[in-house]
Amino acid sequence: MNLFKLQHMLKEFFIEDIGDNDLSSTTIFPADEAGQFSFYAKEDGIFCGTPIIETGFALLHPSIRVTMHVAEGARIAYGDKLATIAGPIQLLLSGERVVLNLVQRLCAIATMTHAAASQTAGTTTKICDTRKTTPGLRMLEKYAIRIGGGYNHRSGLYDCIMLKDNHIAFCGSITEAVTRARQAIGHTVKIEVEIETRAQLQEAIEAHADIIMFDNQTPETIREWQQLVPETIVTEASGGITLDTIASYAQSGVHYISLGFLTHSVKAFDISALVELKGALNA
């Protein structure tokens, strides 16, 4: 994860929430009063969020001490202590919600990704994400995918050419779309083509696409079409795939399965902050 970018993001998030002043905390606690709270898991899953906790509270004040009790990517269970944070009460309370919001979301994504990746056991198929991420949080959410045992698809529109149905429709054919793209890019950029029919598959193969995505196809169809694809072309399945059907898709021989639900519809992981100590900073 890019630490400089993370710091910038967290600063913006704190500014959005704290604004000019945290009225609740600063009106009832003096600046020199210290305290300590810990984050506890309220359900089972995969932990993800150490950089958020450590970097976030360090930005609020260098005197804040963070002690992590679990490793990044570790399995956690209900009641596990995740982290302990100690420092000025005003700042602990000011940063609590922003940090927890992010960690809860990343844990949810990592947990769902782990569940999805577990369904590919015994195969060579890999689980990857999509661009269906929360605006502004893509770096963090794709990080959580990796922590959960998944792989990242393209980071954005800028690092891979992906020719979907509308690109192809506007160009008139897969061949024309791939030809135009190939003429305009350098040798390090890959071209992925989304196909829905056997005829489109054949055209994408003949156009020398680097990656072919089987869009909204059954595992049986993919298994049949996979046999037609040269070993030099990477294949991907996407569309309509659920946690319950991942295993059957993985057994089709496809190289990757991309899943939007890993990021766009997870429910926040339940974590609570419990106060443990309070006192003067220099007591």
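Start by selecting Phe39, which is buried, with a relative accessible area of 1%. Before you go further, keep in mind that you are looking at a predicted model.

**Stop 1: the aromatic rings**

How many aromatic pairs does the structure hold? There are four of them. In the one you have selected, the ring centres of Phe39 and Phe57 are 6.5 Å apart and the planes meet at 45°, so this pair is tilted. Phe39 belongs to strand E1 and Phe57 to helix H3, so the pair ties together parts that are 18 residues apart in sequence. Show Phe37 as well, and you have a cluster: ring pairs link Phe37, Phe39 and Phe57.

**Stop 2: strand E5 and its partners**

Colour residues 81-88, which make up strand E5. Seven of the eight residues here are buried, so the strand is largely enclosed by the rest of the structure. Which strands pair with E5? One is strand E1 (residues 33-41), which pairs with E5 in the antiparallel sense over seven bridges. Another is strand E3 (residues 65-68), joined to E5 by four bridges and also running antiparallel.

**Stop 3: Ser63**

Stay with Ala86 and pick out Ser63, which touches Ala86 and Pro88, leaving aside residues up to four places away in sequence. Ser63 sits in the loop between helix H3 (50-60) and E3. Is Ser63 buried or partly exposed? With a relative accessible area of 33%, Ser63 is partly exposed. Show the side chain of His61 next: a polar contact of 2.7 Å joins it to the side chain of Ser63.

For a sense of scale, draw a distance between the C-alpha atoms of Ser63 and Val193. These two residues are 130 residues apart along the chain, and the separation comes to 52 Å.

**Stop 4**

Select residues 23-26 to see helix H2, where Ser25 is found. Ser25 is buried, with a relative accessible area of 4%. Its contacts, not counting residues up to four places away in sequence, are Gln90, Leu93 and Ser94.

**Stop 5**

Move on to helix H7, residues 174-184, and show Ile174, Ala177, Val178 and Ala181, its buried residues. They span an arc of only 95° around the axis, which puts them on the same side of H7. The general rule behind such a pattern is that an α-helix has 3.6 residues a turn, so residues three or four places apart point the same way. What covers the buried residues of H7? The cover includes strand E7 (161-163), helix H6 (165-171), strand E8 (191-195) and helix H8 (198-206).

Take H8 next. Leu201, Ala204 and Ile205 are buried in this helix. Looking down the axis of H8, you will find its buried residues within an arc of 100°, so they line one face of the helix. These buried residues pack against H7, E8, E9 and H9. After H8 comes His208, whose phi is positive, near 65°.

**Stop 6**

Finish at Gln217, in the loop between strand E9 (211-215) and helix H9 (219-226). Is Gln217 buried or exposed? At 13% relative accessibility, Gln217 counts as buried, since the cut-off for buried is under 20%. Its side chain reaches the backbone oxygen of Glu196 at 3.1 Å. To see the neighbours, show Ile195, Glu196, Ile222, Trp225 and Tyr249: Gln217 touches each of these, with residues up to four places away in sequence not counted.

Technical notes:
Residues are numbered from 1 along each chain as its sequence is written. This is a predicted model: local features need pLDDT of at least 70, side-chain atom pairs count only at pLDDT 80 or more; totals for chains, interfaces and linings use all residues. Side-chain values use heavy atoms; hydrogens and water are left out. Helices (H or I, at least four residues) and strands (E, at least two) are DSSP runs, numbered from the N terminus. Buried means under 20% relative accessible area, exposed over 50%, partly exposed in between (1.4 Å probe, protein chains only). A polar contact is a pair of N or O atoms within 3.5 Å; within protein, one must be able to donate a hydrogen and the other to accept it, and residues adjacent in sequence count only if both atoms are side-chain atoms. Contact means heavy atoms within 4.5 Å. Two strands pair if DSSP finds at least two bridges between them. Rings of Phe, Tyr and Trp (its six-membered ring) pair if their centres lie within 6.5 Å; planes under 30 degrees apart count as stacked, over 60 as edge-to-face and the rest as tilted. The arc is that of the directions from the helix axis to the C-beta atoms.
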